[in-house]
Amino acid sequence: MNLSDKKATLSFSDGSAPIEFPVYKGTVGPDVIDIRKLYGQTGMFTFDPGFMSTAACESAITYIDGDKGELLYRGFPIEQLAVNCDFMDICYLILNGDLPNQEQKADFDSQVTHHTMVNEQLHFFLRGFRRDAHPMAVLTGLVGALSAFYHDSTDITNPQHRHISAIRLIAKMPTLVAMAYKYSQGQPFIYPQNDLSYTGNFLRMMFATPCEDYKVNEVVERALDRIFILHADHEQNASTSTVRLCGSSGTNPFAAISAGVACLWGPAHGGANEACLQMLEELQANGGIAKVGEFMEKVKDKNSGVRLMGFGHRVYKNYDPRAKLMQETCKEVLSALGLENDPLFKLAMELERIALSDPYFVQRKLYPNVDFYSGIVQRAIGIPTSLFTAIFALARTVGWIAQWNEMLSDPDYKIGRPRQLFTGSVTRDVPPMDKR
């Protein structure tokens, strides 16, 4: 860490001596006040629900400036990466710190490709779930179960083991997601095919059947690859922080990533695109475009209980940079598939038009976010709404495992142990039974 010339001073109104804390500078973004000695020097903790003003770690992977609408992977703007790279480039970048050259790319692609199969016993494990189980429930179990099969790469103190686990998780996640989908459909599992790209292979495992050959649509392949790129990492969000916290106990990587999958399931996090499409479908069923204006008026009424999903973002206080890219992809896919006149898409565009022109939404910077468009794209491709968050988990796995590895490589890392402001009862005696 880079120590700043300035220091922070904490003073007290009761006359206690002030305390000085060092300040560290990041390469970009806010400086941080190092309060690690706060409790030892004062006997007090800080109070920060949701960790909105707390940096829990040092990281060099992803940077977000919400006010500017900026997202960087290892210093590269997402707008450039999404246009000039494929998802395997991004995985290499996030894991290793820089983009690969041709030789490195070929080697990395080969490593991932040759780890896509899963142990055959996982098929029997999967069959223990109900057919109508939510894919995220299934995926949480499947990812955690990997630790029961791959004992040879769970020594977290060994950098080579950590690398092997990273490759295995990135490679096997598409296979697991496709298996969960096939199982829900009552269709046979489709094995990986090594001559296809990462994304093309996933599409084949999802939609092929033994009855006929499956040809990957290049437009759809590029669109899904872009979805993967845009969701690969997003700094210290809830699921990433969960992976770090879980991993800080020294647990194996499969358990830590499974915890991230479980956290991502929440509708305030990875489930947002699923919630967005459900909102569109409900609106379509209740009048469609003719009722959009009425719906938006209800959204503006705080007492109506109606929420607008897919607009605004907790981090971005400007336009989500990923949304601009996803909007382009959305139009390309719908055009290629002949769905430009799809009623749900027209409904979505009308919602977008109102949100970008109505002063209420403009003043609050409630712009369409990446979830708004990615849900429409996935629906057009044929991915069911219930699988949207599992697709998100597939893409985010590389970010999770990179953050986990970065944490374990940090000599200053400690097991996570948040503090609390206790407001319960003071110490009291247990009364006898006849006095209770």
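In strand S5, Tyr73 is the bridge partner of Thr62. That pair belongs to a predicted model.

**Sheet S4-S5-S6**

- Strand S4 and strand S5, which spans residues 70-73, pair in the antiparallel sense. Four bridges join S4 and S5.
- The sheet is open and has three strands, in the order S4-S5-S6. Its pairing is antiparallel.
- Strand S4 (62-65) and strand S6 (76-77) are the edge strands. Each of them pairs on one side only.

**Sheet S1-S2-S3**

- Strands of a sheet pair through backbone hydrogen bonds, in either a parallel or an antiparallel way.
- Here, three strands form an open sheet with antiparallel pairing, in the order S1-S2-S3.
- Strand S1 (2-10) and strand S3 (32-33) stand at the edges. Each has a single partner strand, so one side of each has no neighbour in the sheet.
- Strand S2 covers residues 19-25 and pairs with S3 in the antiparallel sense. Two bridges link S2 and S3.
- Tyr24 stands opposite Val32, a residue of S3.

**His123**

- His123 sits in helix H5, which runs over residues 121-126.
- Is His123 buried or exposed? His123 is buried: its relative accessible area is 6%, and the cut-off for buried is under 20%.
- Which residues does His123 touch, leaving aside those up to four places away in sequence? They are Met179, Phe189 and Tyr191.

**The second largest pocket**

- Rolling a probe the size of a water molecule over the atoms shows where empty space is left.
- The second largest pocket holds about 400 Å³ of space.
- Its lining is made up of 25 residues. Closest to the pocket centre are Asp86, Phe87, Glu221, Arg222 and Asp225.
- Which element gives the most to the lining of the second largest pocket? Helix H9 does, with seven residues.
- By residue type, the lining of the second largest pocket has eleven nonpolar residues, seven polar ones and seven charged ones.

Terms used:
Residues numbered from 1 in each chain as written. Predicted model: local features only at pLDDT ≥ 70, side-chain atom pairs only at ≥ 80, totals over all residues. Heavy atoms only, no water. Pairing = 2+ DSSP bridges. Buried < 20%, exposed > 50% of the residue type's maximum accessible area, 1.4 Å probe, protein only. Contact = heavy atoms within 4.5 Å. 1 Å grid on protein atoms, 1.4 Å probe; cavity = no way out; pocket = protein on both sides within 12 Å on 5 of 7 lines; lining within 4 Å. Points joined across faces, edges and corners; volume = space filled by probe spheres on them. Nonpolar A, V, L, I, M, F, W, Y, C, P; charged D, E, K, R; others polar.
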